[in-house]
Amino acid sequence: MSALHDTDVRVHYSVKANSSLAVLALLREMGAGVDIVSGGELHRTRCAGFAGSDIVFSGVGKTAQELEEALRAGVLMINVESAGEMSLLEAVATRLGVVAPIALRVNPGVSVETPHPYTRTGEHGMKFGIPDDEVVQLAQAAAASPALALLGLAAHIGSQISRVEPFQTAAERLLALHEQLLALGISTITHLDVGGGLAVSYRDESALDPNLFAATVGPLASAAGLKLIVEPGRFLVADAGVLVTQVLYRKRSGGKEIVVTDAGMNDLLRPSHYNAYHAIDTVSETGSAVLADVVGPVCESGDFFALDRVVGDIQAGALLAIRTTGAYGYVMASNYNSRPRPPEVLVDGGRFAIVTARESYPDMLRLESATPEWRSL
Ligand SMILES: *Cc1c(COP(=O)(O)O)cnc(C)c1O
């Protein structure tokens with residue numbers, strides 16, 4: 001994000017968008033920090049070479065064990081989302097004899113237009129963040145605790161946000177809270193974390209303009225003398241990914257063309273979960289086009305990649321490229337229908353590397369047993 005070069009800023013890549021070790025290592029080499037939401041992501045990022053000080057820990061339901069792991073790893077800050085989490089963290093830090101660096105994740109009450117309600121997170125009444133009218137009280141409690149160091153105010157208002165105004169509003173609300181805290185003598189805050197959610201273009205919608213973002217949010221943080229943290233996930237990886245799938249069958253049903261692929265909703269969940277649009281291209285030229293449903297082999301009517309879509313007039317054996325699948329693709333894949341997950345292949349110009357091997361049948365059964373070892377209660 002060279003657009004933010006005038007601001008004291010760190011990009012903390014949101015790992016949940018694409019947590020492949022190879023992708024994490026690449027982003028680390030480029031200078032990014034990370035934003036994580038689980039102990040598993042903490043483990044991954046450590047394996048990919050990130051230092052504790054590169055890590056911000058977000059998430060609405062962190063367990064005592066995850067909090068302990070984060071403190072032992074020396075993360076930059078833990079973005080606390082409730083009074084309950086703060087007191088648990090205080091207890092864990094006290095037990096370990098350390099001071100927990102925290103930010104308060106504020107629910108700023110900002111409504112955003114996102115393509116799907118599941119990707120809105122910054123409105124009142126949602127599970128995310130601390131309601132803004134409770135922040136001051138919690139900040140005072142944090143400031144009074146010897147086991148907590150209040151370093152930041154944070155927000156994350158949603159995903160796939162294409163306009164800069166909601167980010168500006170959220171940043172202004174955080175800064176207004178910061179002013180209130182300063183007036184109360186709480187002057188330990190050094191970081192303003194405005195979250196992620198920067199939109200990419202899947203179809204004809206516009207991506208967020210990073211220069212406009214930088215020019216709007218950057219100066220707000222600078223003027224307040226705070227370091228800016230931005231947590232883009234999708235924006236950094238979505239365009240980099242393509243799901244390649246082979247057509248298994250063409251059929252007709254109810255006057256409709258149906259293209260059945262060897263990839264399914266277990267490989268790419270977004271179309272069925274969010275009703276998300278992904279462009280679909282044929283890998284080889286077909287000449288003519290058809291109106292078709294492109295569907296997977298999973299036993300669910302919701303297993304589709306596109307409905308009533310004009311696609312190349314392909315036959316069985318041909319390959320399709322489902323576009324913009326670098327974010328929230330493989331990370332949401334499952335073994336539903338006992339389907340092994342596909343490999344992940346990194347492509348760099350004329351070379352490629354398999355960075356996640358194709359899952360095998362035995363891989364899927366590794367943790368299971370057909371013969372229960374019964375124990376008494
Ligand atoms: C998911 C998430 C992000 C990243 O969201 P994108 O839409 O992928 O940019 C950033 N911060 C937090 C706290 C998140 O939960």
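**Reading the model, question by question**

Mentor: Thr-324 lies in the loop between β15 (319–322) and β16 (344–348). Please keep in mind throughout that this is a predicted model.

Trainee: Where is Gln-160 found?
Mentor: Gln-160 is also not a glycine, and its phi is positive, at about 60 degrees. With 7% relative accessibility, Gln-160 counts as buried. As for its place in the chain, Gln-160 is found in the loop between β7 (148–154) and α6.

Trainee: How many aromatic pairs does the count come to, and which geometry does the pair of Phe-167 and Phe-213 have?
Mentor: The count comes to 1 aromatic pair. The ring centres of Phe-167 and Phe-213 are 5.1 Å apart and the ring planes stand at 85 degrees, so the geometry of the pair is edge-to-face.

Trainee: Which helices hold Phe-167 and Phe-213?
Mentor: Phe-167 counts as buried because its relative accessibility is 1%, and Phe-213 counts as buried because its relative accessibility is 0%. The pair ties together parts that are 46 residues apart in sequence, because Phe-167 lies in helix α6 (residues 165–183) and Phe-213 in helix α7 (residues 210–223).

Trainee: Over which ring does the charged end of Lys-62 sit?
Mentor: For a charge to sit over a ring, the NZ atom of a Lys has to be within 6 Å of the ring centre and within 35 degrees of the ring normal. The charged end of Lys-62 is 5.5 Å from the centre of the ring in question, and that ring belongs to Phe-57.

Trainee: What covers the buried residues of α3?
Mentor: In helix α3 (residues 64–73), the buried residues are Glu-66, Leu-67, Glu-68, Ala-70, Leu-71 and Ala-73. The helix is followed by Gly-74, whose phi is positive, near 70 degrees. The elements covering the buried residues of α3 include α2 (39–47), β3 (55–57), β4 (77–80), α4 (83–96) and β5 (100–107).

Trainee: How much space lies in the largest cavity?
Mentor: A search of the whole structure finds 1 cavity of 30 Å³ or more. Its lining is made up of Ser-14, Lys-16, His-156, Ser-159, Gly-197, Leu-198, Glu-231, Pro-232, Gly-233, Arg-234, Phe-235 and Tyr-328. By class, that lining divides into 4 nonpolar, 5 polar and 3 charged residues. The space in the largest cavity is about 70 Å³.

Trainee: What distance separates the C-alpha atoms of Pro-232 and Val-164?
Mentor: Pro-232, one of the residues lining the largest cavity, has its place in the loop between β9 (227–230) and α8 (234–237). Its relative accessibility is 0%, and therefore Pro-232 counts as buried. Pro-232 and Val-164 are 68 residues apart along the chain, and the distance between their C-alpha atoms is 14 Å.

Trainee: Which residues lie nearest the centre of the second largest pocket?
Mentor: The second largest pocket has a volume of about 610 Å³. Its lining has 10 nonpolar, 11 polar and 8 charged residues. Of the 29 residues that line this pocket, those nearest its centre are Lys-16, Thr-121, Phe-128, His-156 and Tyr-328.

Conventions
Residues numbered from 1 in each chain as written. Predicted model: local features only at pLDDT ≥ 70, side-chain atom pairs only at ≥ 80, totals over all residues. Heavy atoms only, no water. Phe/Tyr/Trp six-rings, centres within 6.5 Å; stacked < 30°, edge-to-face > 60°. Helix = DSSP H or I, 4+ residues; strand = E, 2+ residues; numbered from the N terminus. Buried < 20%, exposed > 50% of the residue type's maximum accessible area, 1.4 Å probe, protein only. 1 Å grid on protein atoms, 1.4 Å probe; cavity = no way out; pocket = protein on both sides within 12 Å on 5 of 7 lines; lining within 4 Å. Points joined across faces, edges and corners; volume = space filled by probe spheres on them. Nonpolar A, V, L, I, M, F, W, Y, C, P; charged D, E, K, R; others polar. Contact = heavy atoms within 4.5 Å.
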